[in-house]
Structure formats: C-alpha cells, structure tokens
Amino acid sequence: MKKLPISAIIASRNEGHLLEECLNSIQFCSEIIIIDLNSTDHTQEIAQSLGARVIRETNPALVEELHVKYCTAASNDWLLTYDPDEVVSEALAAEICELFESEIADSKSHVMAPIRYYFKNRMLKGTSWGGLKYRTFLVNRNRYTFSGKVHLGGAALGDWIALYIPYRGNNHIHHYWMQSWNQLLEKHCRYLEKEGEARFSAGERTTFLKIVKTPFTTFFKSFVKARGVKDGVTGFLLSLFRAWYFTTAQIRLLKYQNNRRK
C-alpha cells in the first residue's frame, strides 16, 4: 500500500495482543508512534517488530492529554488519532489514499470517518454507542487544535473545515470498544476524574434539578430513542450504565462549579 504523509499516534497499555491487526490496517501511514503507557506485557516488542516507534510514558494521562503532549513529536503534519482496539477496513484505507491523491491535504483541517462500535466482539445495533457514528480520524496539526479534555476532542482553527467521508456500507472503522463489563467500568471511572473540569471548560453548567432528571432522560435517549432495545439485555444494561455515568458526571460538574465559586 502506498505510504502517505500521515503519522499515527496510538496510546496503548497492555494491549500488545491487539497491535498486529490494528497496525496492519493502517500501513498507509508513513509513521506509526506507539505511546506505551507503562505496559507490563510485550507491547513494546510487538510494536517495534511491526515497524512502530515506541515512546514510553509513565504518567497515566488520558488519551486527550496525550494528543496535546505528543502531536509535535510526529514527523508529519497529518496525524491519525487511533486506539489499539480499532481496525480500519480495507475500503476505508483505500479511500484515504484516494483522498490524498485528490489534494485533501491542502484543503481541509480534519477528516471525519464512519465508525462502528462492538461490545464483546458483537456489533452494537442500538444504544448511544451503536449504529453508524462518525469520529475525528485524521487531523492536520497546523489547522486543528486538541482540547486536552476528556471526551471533548478538538476543533478546527480559523476558517478551516472538516471533510466527512460518506458511508458506503464497508468503509468504516471497526472499534472493538469493550471486551467486558469490568473493562467498561474501569475505563469510565478514570474518565470521571476529569469530567467536572472538562464539562465546565466546555461551558456546561448544572443544577440539582438537572441532576435528578439526568438518569431518566439519558436512559430514554439510549434505550428508546437510540434503539438500545435492538441489542436486547446488553442494550438495556449499557443504557443503564450510561444513565449512571452521565448522572455521576453531572454531580462532578456541580462539585467543580461550587469549588470555583469559593
């Protein structure tokens, strides 16, 4: 596959077993950087055997913070922000190559790509995670800024705009999102540590009444409106989990608000 002026940045902790399929799907990148978050498995050896450059990071920072810290370490201006549990389909990889041949590199700030989420290796049909989604896939570091805040991503600079890749049925990212309920809980508990500050920074404010309403409205949106019912018991439990998470995040936001007033 033709090598493009793209640097992939992938944060990984004890996910060496995922790297072969992950990295083989992005061989169109001329540079792959693995940020090894103090792994105790063979992440470093596996990454290097697949041609990746490894940077050891002992600080357990969130992915959003790592993007800010390491975006300047890449050799290329175009960056692919990626997770070890993601696999780019052959159709999407081919489309990325075509985009760069059509001079996308000179006209856009970032590229939004279709993505499909899996829970325990089963594609989700509904819930707030399931169905067809889009996420920021490629960014030009001179035209885009990372927020550094949990779940906030980033934004285009100035008048630069994004390109959305139309979904054609097979040109998407396979995101093998969670393999167990324990993994889901562990990851989101880490996210909650930064949710109050992140939401406040994004301009969000909350009240006690809003907190009381949150579990009901969140569950309804995920299980009913977003068709979580199509995933059966899994969809029901994921919707309950989302209701708990959003309610807890609102509580964290209220505490952060109150501390700022002191």
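A crossing of two helices is called right-handed if the near helix is turned clockwise from the far one by less than a right angle. Hold on to that for a minute. What you have above is a predicted model.

Start with the helix pair. α6 spans residues 208–225. α7 spans residues 232–261. α6 passes α7 in a right-handed crossing. How far apart are the axes, and at what angle do the helices pack? The axes are 8 Å apart, and the angle is about 150°. That makes α6 roughly antiparallel to α7, because angles over 145 degrees count as such.

Stay on α7 for the surface. Leu237 lies in that helix. Leu237 belongs to a nonpolar patch on the surface, together with Val233, Phe236 and Leu240. Together the four have about 350 Å² of accessible area. Leu237 itself is partly exposed, at a relative accessible area of 35%.

Now the charges. How many salt bridges does a search of the whole structure find? It finds 12.

Pair one: Glu31 with Arg53. Their side chains meet in a salt bridge, 3.0 Å from N to O. Glu31 sits in strand β2, residues 29–36, and Arg53 in strand β3, residues 53–56, so the bridge ties together parts 22 residues apart in sequence. Are the two partners buried or exposed? Glu31 counts as buried, at 11% relative accessibility, because the cut-off for buried is under 20%. Arg53 is partly exposed, at 36%.

Pair two: Glu57 with Lys69. The N to O distance in this salt bridge is 2.8 Å. Glu57 is in the loop between β3 and α3, and Lys69 is in helix α3, residues 63–70. The two are 12 residues apart, and the pair links distant parts of the chain. Glu57 is buried, with a relative accessible area of 5%. Lys69 is partly exposed, with 48%.

Which elements does the pair tie together? Glu65 lies in helix α3 and Lys194 in helix α5, residues 181–201, so the bridge joins parts that are 129 residues apart in sequence. Here Glu65 counts as partly exposed, at 26% relative accessibility. Lys194 is also partly exposed, at 28%.

Last, the network. Salt bridges link Glu195, Arg199, Glu204 and Lys210.

To recap: a right-handed crossing of α6 and α7, a nonpolar surface patch that includes Leu237, and 12 salt bridges. Thanks.

Key
Residues are numbered from 1 along each chain as its sequence is written. This is a predicted model: local features need pLDDT of at least 70, side-chain atom pairs count only at pLDDT 80 or more; totals for chains, interfaces and linings use all residues. Side-chain values use heavy atoms; hydrogens and water are left out. Patches are made of residues with over 30% relative accessible area and no salt bridge: like charges are joined within 9 Å, nonpolar side chains (Val, Leu, Ile, Met, Phe, Trp, Tyr) within 5 Å. Accessible areas come from the Shrake-Rupley method with a 1.4 Å probe; for residues, only the protein chains shown count as cover. Helices (H or I, at least four residues) and strands (E, at least two) are DSSP runs, numbered from the N terminus. Buried means under 20% relative accessible area, exposed over 50%, partly exposed in between (1.4 Å probe, protein chains only). Axes are lines fitted to C-alpha atoms, for helices over the stretch in contact, and angles run from 0 to 180 degrees between N-to-C directions. Angles under 35 degrees count as roughly parallel, over 145 as roughly antiparallel, 65 to 115 as roughly perpendicular and the rest as oblique.
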